[in-house]
Amino acid sequence: MKAEVIHAGNENAQRRAVEVLRAGGLVAFPTDTVYGLAVLPWDTDAVTRLYEAKQRPSDRPIPLLLSDASYLDRVAILSPRLRRQTGQLIAHFWPGALTLVLPKVEALPDVVSAGPTVGVRVPDLPLARDLIRGAGGALAVTSANISGQLNAITAQEVEEQLGDRIDLILDGGPCRGGVPSSVLDCTVSPPLLLRYGVIREAALRAVIGPIKIPD
């Protein structure tokens with residue numbers, strides 16, 4: 001079955017997307033970086049479907065997108081020794097294209113992240129934040145593409161790769177970013193840059209000082 005495509009300008013678009021998510025469906029939508037593929041993080045069957053749809057290796061965790069930073073303590077914990085630096089990063093870069101890896105709360109299902117940590121961020125796109133807020137404040141979201149293929153920056157590109165694997169595509173036009181978020185591990189000191197992305201190394205250092213770069 002082909003995915004339903006609905007334009008974000010449709011007055012019923014968000015309600016329909018939330019309806020699909022709450023029914024265990026997979027929804028693609030634009031973010032400030034690339035199109036994301038989302039499920040409710042507490043729905044383990046839906047998260048499993050997400051892995052299957054993307055052909056994503058099961059040992060790669062799914063990050064969470066939050067509607068705002070106030071939801072953070074429901075899914076993650078600030079490491080005590082890095083609380084100040086993490087707070088500075090949140091204040092400076094959220095909403096924005098910086099994913100922070102933090103200790104996860106025990107209630108977060110292992111299928112989202114089997115290890116002790118989870119990646120979290122708040123996207124800098126009102127459409128995305130409104131959808132996340134409507135769905136409860138947090139979504140498990142990864143790029144809306146087949147693993148290893150090009151990231152999708154339009155609804156049409158999502159449809160080409162995943163159109164027969166997911167339930168709904170929210171067409172919000174082309175993503176303005178096109179580059180994935182930077183990923184910073186804030187469970188180690190100094191924080192470790194796990195992925196180069198929109199936020200550059202120099203910008204991170206300007207806010208919190210030393211960071212570690214992988215060898």
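Predicted model: local features only at pLDDT ≥ 70, side-chain atom pairs only at ≥ 80, totals over all residues.
The structure holds 0 disulfides, a disulfide being a pair of cysteine sulfur atoms within 2.5 Å.

Residues are numbered from 1 along each chain as its sequence is written, and side-chain values use heavy atoms, with hydrogens and water left out.

Helices (H or I, at least four residues) and strands (E, at least two) are DSSP runs, numbered from the N terminus. In helix α1 (residues 13-22), the residues A13, A17, V18, V20 and L21 are buried, and, seen down the axis of α1, they fall within an arc of 160°, so they line one face of the helix; the arc is that of the directions from the helix axis to the C-beta atoms. These buried residues pack against several elements, including β1 (4-7), α4 (126-134) and β8 (168-171), where contact means heavy atoms within 4.5 Å. In α4, A128, R129, L131 and I132 are buried, and the buried residues of α4 likewise fall within an arc of 160° as seen down its axis, so they line one face of that helix. Among the partners of the buried α4 residues are α1, β4 (64-66) and β7.

A nonpolar core is a set of buried Ala, Val, Leu, Ile, Met, Phe, Trp, Tyr and Cys residues joined through side-chain atoms within 4.5 Å. The largest such core has 50 residues, of which I166 and L184 touch the most other members, and its largest share, 5 residues, comes from helix α2 (residues 44-54). A second, separate core of 20 residues includes A13, L40, L125 and V141.

Most residues other than glycine have a negative phi, and most peptide bonds are trans.

| Cis bond | Omega | Loop holding the proline |
|---|---|---|
| W94 and P95 | about -5° | between α3 (83-93) and β5 (98-103) |
| S189 and P190 | about -5° | between β9 (182-185) and β10 (192-195) |

Q55 has a positive phi of about 55° although it is not a glycine; Q55 lies in the loop between α2 and β4 and is partly exposed, with a relative accessible area of 47%.

Terms used
Buried < 20%, exposed > 50% of the residue type's maximum accessible area, 1.4 Å probe, protein only.
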